[in-house]
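Thank you all for coming.

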Amino acid sequence: MSRKYVIAANWKMNMTPSETAGFLDAFLKNFPDPTAVEIVIAPPFVSLAKASELMAGQSAVGLSAQNMSHEASGAFTGETSAAMLKEVGCQYVILGHSERRSLYGEDDVVINKKVHATLAAGLIPILCIGESLEERDGGQLEFVLSQQLEGSLLGIDASQMPGIIIAYEPVWAIGTGRTATPEQAQETQCYVRSVLERLFGADVAAAVRIQYGGSVKPGNAGELIAQPDIDGFLVGGASLDPASFADIVKAGI
Ligand code: PEP
């Protein structure tokens, strides 16, 4: 089954609205042919409206938030709902990023609620999973990944799975400059797919896109995307520069 590559820029807490405008001006001008690749940009909340305005009229680049509340509205200071994200033009939401898990205490129970809320609103979740170095070295890799998948996808029907993107991001490779080797990434992504097969069946496992994330750069994107179970990237640091992100996108074309 052919799966369209999806390459997403996670800007984290970088890029003010004016910096977002500068990035998009440069990126959309030298735009790589998007037919083979779905491109997604995830600015911080305050820059979503500006990005949406500048991306209007083109369908090649999608807009994502970096987080979302599972609540619909009410007394939840500092939170953002699905309806708010939809109104500013988001189509995707990154959920369960390792920084949300480790710095803000998000666990699979809350991430699962967010996955349900995202799907109910017609948004596409980019669900992040990944092990720490300690867990990998301690032989816990498969256990950790299967627990994260089972917990965060609890109650999700097989029919909903093609609308979910999984991002496998080894925590030890995020922002560290230490990328998983293509072989390590392939082996783990293949394992992730096998868990999806156990949970949802072979057809779903073959259809779901699994991104790799962790220090992806123009120099390593080609050999990573050549792996059969890598269906795109979630890119942090290297997505902040329009030329470098464009080069990573070109690796997928
Ligand atoms: C990320 O934040 O999802 C990420 C993979 O970051 P980086 O590319 O900087 O490692």
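This is a predicted model: local features need pLDDT of at least 70, side-chain atom pairs count only at pLDDT 80 or more; totals for chains, interfaces and linings use all residues.

Residues are numbered from 1 along each chain as its sequence is written, and side-chain values use heavy atoms, with hydrogens and water left out.

Let me start with the inside. In soluble globular proteins, nonpolar side chains tend to be buried together. I will call a residue buried when its relative accessible area is under 20%, exposed when that value is over 50%, and partly exposed in between, using a 1.4 Å probe and protein chains only. A nonpolar core is then a set of buried Ala, Val, Leu, Ile, Met, Phe, Trp, Tyr and Cys residues joined through side-chain atoms within 4.5 Å. The largest such core here has 66 residues, and those that touch the most other members are Leu153, Ile166, Leu196, Tyr212, Phe233 and Phe245. Helix 8 supplies the largest share of this core, with 6 residues; helices (H or I, at least four residues) and strands (E, at least two) are DSSP runs, numbered from the N terminus. There is also a second, separate core of 11 residues, which includes Ala8, Tyr92, Ala167 and Leu234.

Leaving aside neighbours within four places in sequence, Ile166 is in contact with several residues, among them Leu127, Ile129, Leu149, Leu153, Val192 and Leu196.

Now turn to strand 2, where we find both Val40 and Glu38. Val40 is buried, with a relative accessible area of 0%, and its contacts beyond four places in sequence include Val6, Ala8, Tyr92 and Phe245. Although Val40 and Leu234 are 194 residues apart in sequence, their C-alpha atoms are 9.1 Å apart in space. Glu38 is buried as well, at 18%, and among the residues that Glu38 touches are Lys4, Tyr5, Tyr92 and Arg209. The side chains of Glu38 and Arg209 are joined by a polar contact of 2.7 Å, by which I mean a pair of N or O atoms within 3.5 Å, where, within protein, one must be able to donate a hydrogen and the other to accept it, and residues adjacent in sequence count only if both atoms are side-chain atoms.

Phe245 also belongs to helix 11, residues 242-251, whose buried residues include Pro242, Ser244, Phe245 and Ile248. The buried residues of this helix pack against strand 1, helix 1, strand 2, helix 10 and strand 8.

Next, the charged pairs. Side chains of opposite charge can pair when their charged atoms come close.

Which parts of the chain does the pair of Arg198 and Glu150 tie together? The closest N and O atoms of these two residues are 2.8 Å apart, and since Arg198 lies in helix 8 and Glu150 in helix 7, the pair ties together parts that are 48 residues apart in sequence. Arg198 is exposed, at 51%, whereas Glu150 is partly exposed, at 29%.

Asp229 and Arg193 form another salt bridge, with closest N and O atoms 2.5 Å apart. Asp229 sits in the loop between helix 10 and strand 8, and Arg193 in helix 8, 36 residues away. Both Asp229 and Arg193 are buried, and salt bridges that share partners join Arg3, Arg193, Asp229 and Asp231 into one network.

Lys50 and Glu53, by comparison, both lie in helix 2, 3 residues apart, about one turn of the helix, and their closest N and O atoms are 3.6 Å apart.

Finally, the ligand. Counting residues with a heavy atom within 4 Å, 14 residues surround the ligand, and the closest are Lys12, Glu169, Gly175, Ser215 and Gly236. A ligand oxygen is 2.6 Å from an N or O atom in the side chain of Lys12, and a backbone N or O atom of Gly237 lies 2.8 Å from an oxygen atom of the ligand.

Conventions. Contact means heavy atoms within 4.5 Å. A salt bridge is a side-chain nitrogen of Lys or Arg within 4 Å of a carboxyl oxygen of Asp or Glu.
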